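User: Hi! Could you walk me through this one while I have it open?
Analyst: Happy to, just ask away.

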Amino acid sequence: MRRHLQWSIKQLTASYSDGQLSPRRVTEEALQDALRWKTLNAFVRLTPEQAAKQAQESEQRYKQGQPTSDIDGVTIAIKDNFCTKDVHTTCASRMLQDFVPPYDATVCSRLKQAGAVVLGKTNMDQFAMGAGTVDSLYGPTKNIWSEDFDKDRWRIAGGSSGGSASAVAAGLCYAAIGSDTGGSTRNPASYCGVVGLKPTYGLVSRHGLIPLVNSMDVPGIFARSVSDCVAVLNTVAGQDQLDSTTIRKPFTRLNLPEVGQIDLSTVRIGIPKEYHCHGLSAEVLETWSKVADLLECSGASVRQVSLPNTASSIFVYSILNQCEVASNMARYDGIEYGHRASNERSTEQLYALSRAEGFNEVVKTRILTGNFLLLKKNYDHYFEKALRVRRLIAEDFAKVFDSSAQEERVDILLTPTTLTEAPLYKDFASLTNRDQCAVQDFCTQPANMAGIPAVSIPIRLSRAGLPLSLQLMSNSLNEQLLLTVARWIEAQVEFDSLEHTQEYKASL
């Protein structure tokens, strides 16, 4: 295993500055490793020429003693639903198979301006509709922690950003960008044993992110440590004139204290009783209890809280998701861009065939369901009622974070990220897409509906040798405290995200 993969981004860039390593060498090795681990199917497209040019430019800056930022020369991967100039952006679909954007998404342009080296585009569920990265035009992504990669005995990487999570977990890059609509960053981060951050809605620009659910989509960040997540967040966050939903308040760069300086005595931790739900595995529950005890023994105040509308959240999320999908997918008609059917006997037939050929069954089902829910006779009963319950879900979070009674207020919520360890593909594939998402997104989607920040951090290995993770949530724009507590937990559990590699196991 490459020794530098054990380093943080800060250590890596320090080695660039002192000449111990070079961005060009690290990039070349990363591209070699991406090809060597092709069986994972983490990348749908590598960009070696672009990456080599970016690495060479970064190397020159370090030689001159003028690095652009804290992530100059750091290898990063981008999920295939972020527009990348002159590089195919397909959403893992036939509909956009030949789409080459003429511009960069704001997240991508800010990474490039900071000197990051973009290795390529990562795999995903088609149009980000899924929880396993198994519904892709390019085939499924496999979890690096799988006991066996043959046939259907491998573990899923989670979704819909499974390619990004798998790439970071395998050591193919130091960080990756995903999107998070109902847990699509935290879910695969949990299964792959890496850190997955969903920032506050509006903190990071959605410009250039091909939309799934506009009111919930958030660019997410994968890394192997909390501090690496912060380095990337500091680069991409902040107001964007091209996205009216970004927060206008100037972004203050996060600066986490050293672990030894973190004082938990004033931190109030809430344990939502509703997250102890049907399907929660005994090992996840045990992990949850142990970390809660660890926090309490270290001075934090830990108590049970209630989020009473949690049970309704997965139904509300499903309704709103499908309604917004029906609206967003209407733009793909085969006329302006995207797949165009060869049969052009009539405009109506061209529309129908282009969409029939360009979308998979999952996308078609959500479009049909969404349009049904938006019919005049159903609008009030489903869509409007779901919006009302969404407001109640957001108010549940507001009550625990901003309660007028000081003794009832908490700063952080501690919950499971996923209910179990990464399932086998054959077990996951036996469920419908709707049932998969209902199970996999139960703990993660409420944060999207409330627009609050959340992070998934790996804690330990299960008895089967698979990562088990927990989720932290906090109030809007409270990333500083959220990630400080996450960093403290990370330091206590000392989880090694690279323990899966055969080379590493052989060296023990």
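User: Where does K79 lie?
Analyst: K79 is in strand β2, residues 75-79. Strands here are DSSP runs of E with at least two residues, helices are runs of H or I with at least four, and both are numbered from the N terminus. This is a predicted model, where local features need pLDDT of at least 70, side-chain atom pairs count only at pLDDT 80 or more, and totals for chains, interfaces and linings use all residues. Residues are numbered from 1 along each chain as its sequence is written, and side-chain values use heavy atoms, with hydrogens and water left out.

User: Is K79 buried or exposed?
Analyst: K79 is buried, because its relative accessibility is 0%. Buried means under 20% relative accessible area, exposed over 50%, and partly exposed in between, using a 1.4 Å probe and protein chains only.

User: Which residues does UniProt list as "active site"?
Analyst: The unreviewed UniProt entry places that feature at K79, S160 and S184. They are spread over 106 residues of sequence but cluster in space, with a largest C-alpha distance of 11.1 Å. UniProt positions are in the numbering used here, feature names are shortened, and annotations may be inferred rather than shown by experiment.

User: And where is S184?
Analyst: S184 sits in the loop between β4 (175-180) and α6 (186-192). With 7% relative accessibility, S184 counts as buried.

User: What does S184 touch?
Analyst: Leaving out residues up to four places away in sequence, S184 touches K79, G130, G159, S160, S161, S179 and F222. Contact means heavy atoms within 4.5 Å.

User: Switching topic: how many salt bridges are there?
Analyst: The structure holds 22. A salt bridge is a side-chain nitrogen of Lys or Arg within 4 Å of a carboxyl oxygen of Asp or Glu. One of them pairs R186 with D180, with the closest N and O atoms 2.9 Å apart. R186 is buried at 0% relative accessibility, and D180 is buried at 0% too.

User: Which residues are joined into one network?
Analyst: Salt bridges with shared partners link R2, R25, E29, D33 and R36. In the R2 and E29 pair, the closest N and O atoms are 3.9 Å apart. R2 is in the segment before α1 (9-17) and E29 in helix α2 (residues 23-36), so this pair ties together parts 27 residues apart in sequence.

User: What about E29 and R25?
Analyst: Their side chains form a salt bridge at 3.2 Å, N to O. E29 and R25 are about one helical turn apart because they are four residues apart in helix α2. E29 is buried at 12% relative accessible area, whereas R25 is partly exposed at 41%.
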